[in-house]
Amino acid sequence: MGVVEERLEDFFEKVGQAVGAHPVKSLLGSLVFVLGCCGGIAFLKSETRPEKQWVAQNAVALEHDAYVKATWPSNARFNLFAATCNDVDEDNCNILDPKYLKRFHEINQQIMDITIDGSALVGELNTQHKRSEGPWQRYTGNWSFMGAPSSVNGSVSFSGRKCFAFGPFCGKSSIMDVFRDDDYVVNNLDTAAVQRAVNFWEDQETLCPLSIAGADSPCFDSNCQKYKTPTEREDCRNLARSYCSSRCETETVERGGREVTFAKDLASCQDRGCIQLGNLGTATTTAAPAGQLNTDPGEAPESAFEFQPSKVKTMVGGLVKESGVYVRGKYLAGFYAVNKDELFCPREGSVDPVAEEWERRALCLMGIDADPRADPKLECVEDDLLKFHGLFQRSLSDEFGAAIRGDIVKLTLSYVVIIVYCAVMLGQMDAVHSGVALSFVTVLIVGLTIGSTMGLMGYFGVPNSNLNNNLYFLLLGLGVDDAFVLTSEYQRHRSKASLEGQVDETELIARTARTGGISV
């Protein structure tokens, strides 16, 4: 045995003698020290940012990351979804059947109508942080995807708008773009109208404000498609006026010094694109078309208003062509882009409570309960026609959270199994030496070790990270192993002392610490 090992054994033997001579003082002193260390948990902060957890401090990569975020900040939360048939199997699914599109339109409209009470969220944050003032006050008010429009100096302004804007437009995409989200058009779709609109969508050279589902739509006219020369424009407008006179009669009036077009009878309007067409056609109007903003020439480049139709294959998956025409599909796909307005909280990381709640409710309307523990409770019922799959910004944290909560049950069961195993293997078949109390003490010591370690991290400002979640299992295994080592060493020295006729508990504890301490 080397000099180092001998010195360590001498040290552990002295510790054992001190503990054996003053067991109560040693126990109370250790308990006070450990509980004092555990008090640091109140100051413990969690670090959830990947660049802070996995990249070395002062690394060049961190400088590059900070530069990119400052120069090209990303403020969008992209929420992807896919939907397929829920009433038939995948092989027999034709997602372009009008009944599925009508149902999707209903759900999409419900998602657009979601309103988040930001003031209630602010109240919860005030209570949570025990202060009435904080940076979260900016979440006050009602929030929805499109926001509430209002007229400001001849332009349209939106309050409580949570969508991420692509220029003046809300960032979203779905098959409803083909039908312009028009209630009447979608509710009166048939197979021929669906195929007509889907197959013509990508052939548009200019965005037609009218429906492309009807066979008599002016959008199919070559003049309306080109719409470049004065003659083409005039011929297209005359054709559109004739169409709208029978589909959605409009009236243009002057309000507040500007001309505004509205439907004479909105309930019977068969193509709401006629309202937008009326706004575009007035010579002096400054009113923005539905869903658009007025912008001064310097506010947005002209290219921001250029029409580039989304590819049909990005909105419908599993497309099938017959005679060069799309006739079937298996999946609907799309996204909602939500504006990201995050705050960094030491415990939760970067969070946007308004966006998180909006996404939770949107997923619920799709039949997905993202967080069953959250308040208020939501009744998320899967639709009978459509089955949704969502990959929202919050989805990964929801899945990891569910997995971790599932592991907590397994961890608890593992502690119970460890207690039973220790009682069986360390104890004897009698009430005095059963080892049950020893098993509980072993697990308790492991728990106090974890708590004191976390507390010391809090005192010294060392943040907690996801990697530390693995330590609970590691410490449990090491703690139980140490219990076996010390117990076996104690029993060995006790048997030897019994044969020698000298059984002194203080000496036994000292010998156990000498031979078992270095192993621990």
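A disulfide is here a pair of cysteine sulfur atoms within 2.5 Å, and by this rule the count comes to seven disulfides. The model is predicted, so that local features need pLDDT of at least 70 and side-chain atom pairs count only at pLDDT 80 or more, whereas totals for chains, interfaces and linings use all residues. Residues are numbered from 1 along each chain as its sequence is written, and side-chain values use heavy atoms, with hydrogens and water left out.

View A. Cys37 counts as buried (under 20% relative accessible area; exposed is over 50%, partly exposed in between; 1.4 Å probe, protein chains only), because its relative accessibility is 6%. Cys38, at 18%, is buried.

**View B. The disulfide of Cys244 and Cys274.** The sulfur atoms are 2.2 Å apart, and the link is left-handed, with -90° about the S-S bond. This pair links distant parts of the chain, 30 residues apart, with Cys244 in helix H10 (residues 230-247) and Cys274 in helix H11 (residues 273-281); helices (H or I, at least four residues) and strands (E, at least two) are DSSP runs, numbered from the N terminus. Cys244 is buried at 8% relative accessibility, and Cys274 is buried at 2%.

**View C. The disulfide of Cys248 and Cys269.** Here the S to S distance is 2.0 Å, and the disulfide is left-handed because the torsion about its S-S bond is about -110°. Both Cys248 and Cys269 are buried.
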